[in-house]
Amino acid sequence: MLNKGIASILMLSVSAGLLFSGCGKTTGNHDESMATTTLDRDFSSVQTSSDNGVINHGHSIKDRTEPDPREIRRSSDVILTEAEAYKFFMDSIEFREPGLEFVLTDTSDDDPGAYMWYEFTAVYDGYLVMNATFTVIAFTDGSILEGRYEFTECAFYDSSDVLKAEDALKKYRENTGDNREMRLKDKCYFYSGGYNERCPMVYVYRYSEGKILINAATGEMVGLYKDWID
């Protein structure tokens, strides 16, 4: 379970080259992003209707004529709050892993020019799951849920069965000969996008030109993401 005392919601910045930029244990403290469970939120202050009566940024579901390949559900439910978006998400999909929780990681609430949407990210054993995001898009006359449906059948490795960060990095260096200077940024679970996948825990190391994901149990490289160049 997540630490009930954490009061801040994570608004993740998009890091170039990563499908999902932030991870880390939600109770961590070394460059790790903190979040609280959606169910711990006080929704009373969340507003999506303006004084002139325009709801959900004024966009109709008819504006989305072409469904996204990752569309899971489309309905006539009209969502006005974050709490309603979370309930719509939970009512629309079931997950194999009973220990999963979800946190709000981004929203367009302060961008009236965009569709009104809420992004929820999976958390397992207190750690965010990289790439496991689901988005509820709220229109004036309906709602859409999008995400990787394949994630519903995923399982997870035990987070306690891992090496220390420095030992995992040492194994990685021994296996690859990569001696670049690196700095530990995060620790999280990693979902690669497959079906019936068992998600490993990874350490995210930053080097001068990007990020490397190292399997926390084996020291093997899971992913290499170079920064985009403007």
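**From a surface loop to the core**

Proline 98 lies in the loop between H1 and E2. Here helices (H or I, at least four residues) and strands (E, at least two) are DSSP runs, numbered from the N terminus. Proline 98 is exposed, at 75% relative accessible area. Exposed means over 50%, buried under 20%, and partly exposed in between (1.4 Å probe, protein chains only). Proline 98 is 26 residues from tyrosine 124 in sequence, and their C-alpha atoms are 9.6 Å apart.

This is a predicted model: local features need pLDDT of at least 70, side-chain atom pairs count only at pLDDT 80 or more, and totals for chains, interfaces and linings use all residues. Residues are numbered from 1 along each chain as its sequence is written, and side-chain values use heavy atoms, with hydrogens and water left out.

The protein chain has two helices and eleven strands. Along the sequence they follow the pattern β-α-β-β-β-β-β-α-β-β-β-β-β. Of the 230 residues in the protein chain, 49% are buried. Contact means heavy atoms within 4.5 Å. Among contacts between residues at least 6 apart in sequence, 60% join residues at least 24 apart.

Now take helix H1, residues 82-92. Its buried residues are Glu82, Ala85, Tyr86, Phe88, Phe89 and Ser92. They cover an arc of only 160 degrees around the axis, so they lie on the same side of H1. The arc is that of the directions from the helix axis to the C-beta atoms. An α-helix has 3.6 residues a turn, so residues three or four places apart point the same way. On the other side of H1, Lys87 and Asp91 are exposed. The cover over the buried residues includes strands E1 (71-75), E2 (100-107), E3 (116-124), E4 (127-138) and E5 (143-147).

Serine 75 belongs to strand E1. Its relative accessibility is 15%, which counts as buried. Beyond neighbours within four places in sequence, serine 75 is in contact with Ile61, Phe88, Gly142 and Ser143. Its side chain also makes a polar contact with the side chain of aspartate 77, at 2.5 Å. A polar contact is a pair of N or O atoms within 3.5 Å; within protein, one must be able to donate a hydrogen and the other to accept it, and residues adjacent in sequence count only if both atoms are side-chain atoms.

What builds the largest nonpolar core? It has 40 residues, and Phe89, Phe102, Phe120, Val129 and Phe151 have the most contacts inside it. Such a core is a set of buried Ala, Val, Leu, Ile, Met, Phe, Trp, Tyr and Cys residues joined through side-chain atoms within 4.5 Å. Two or more residues each come from H1, E2, E3, E4, helix H2 (165-176), strand E9 (201-207) and strand E10 (210-215). E4 gives the largest share, six residues. Apart from this core lies another, of seven residues, among them Met130, Cys188, Val204 and Tyr225.

Aromatic rings come next. Rings of Phe, Tyr and Trp (its six-membered ring) pair if their centres lie within 6.5 Å; planes under 30 degrees apart count as stacked, over 60 as edge-to-face and the rest as tilted. The count is 17 aromatic pairs. Phenylalanine 134 and phenylalanine 151 form a tilted one, 6.3 Å centre to centre with 50 degrees between the planes. Phenylalanine 134 is in strand E4 and phenylalanine 151 in the loop between E5 and strand E6 (155-156), so the pair ties together parts 17 residues apart in sequence. Phenylalanine 134 is buried at 1% relative accessible area. Phenylalanine 151 is buried, also with 1%.
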